[in-house]
Amino acid sequence: MPKITFITQDDKSITVDGQVGMSLLVTAQDHDLEGLEGMCNGCCSCGTCCVEIPELGGTLLTPMYSGEKQVLSALVHTTQNSRLACQIIIDSKHDGLIVKINKIRHNTLYITGS
Ligand code: FES
């Protein structure tokens, strides 16, 4: 199983076994890691699963498709290393991947009424 290291919102490093074929979002949620709400349940429409993948790790990932790019472009707190955890499916080549959970809790596209 590929080992995935999450850097939590309080800067703790937690390494978990990643299951090939599962998303980073589900992996984080299965290990009760806070900060990835996944409000749209992985449908690539909310942005609440936004993470940072340090540059070297990013080269291991599949390229973003247009829907992921569109969601990320609408979020406020992103960098060039931002990705959506629901869109990254774990592969055996992801062993050693580092994933930073955003410290901004409400990085979301949902607009709530007053
Ligand atoms: S869970 Fe909504 S965009 Fe990833």
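Okay, quick ground rules. It's a predicted model, where local features need pLDDT of at least 70, side-chain atom pairs count only at pLDDT 80 or more, and totals for chains, interfaces and linings use all residues. Residues are numbered from 1 along each chain as its sequence is written.

So, the fold. We've got three helices and five strands, running β-β-α-β-α-α-β-β along the sequence. Those are DSSP runs, numbered from the N terminus: H or I of at least four residues for helices, E of at least two for strands.

Contacts here mean C-beta atoms, placed from the backbone, within 7 Å. Taking pairs at least 6 apart in sequence, 70% of the contacts join residues at least 24 apart.

Now burial. Buried is 20 or more other C-beta atoms within 10 Å of a residue's own, exposed is 12 or fewer, and partly exposed is in between. Of the 114 residues, 32% come out buried.

What about the largest nonpolar core? That's 20 residues, with Leu24, Leu25, Cys49, Val51, Ala85 and Val99 having the most contacts inside it. Strand 1 (3-7), helix 1 (24-30), strand 3 (50-52) and strand 5 (97-101) each give two or more residues, and helix 1 has the largest share, with four. By core I mean buried Ala, Val, Leu, Ile, Met, Phe, Trp, Tyr and Cys joined through C-beta atoms within 7 Å.

Last one: Tyr65, in the loop between helix 2 (55-58) and helix 3 (66-74). Tyr65 counts as exposed because it has 10 other C-beta atoms within 10 Å.

Methods:
Contact = placed C-beta atoms within 7 Å.
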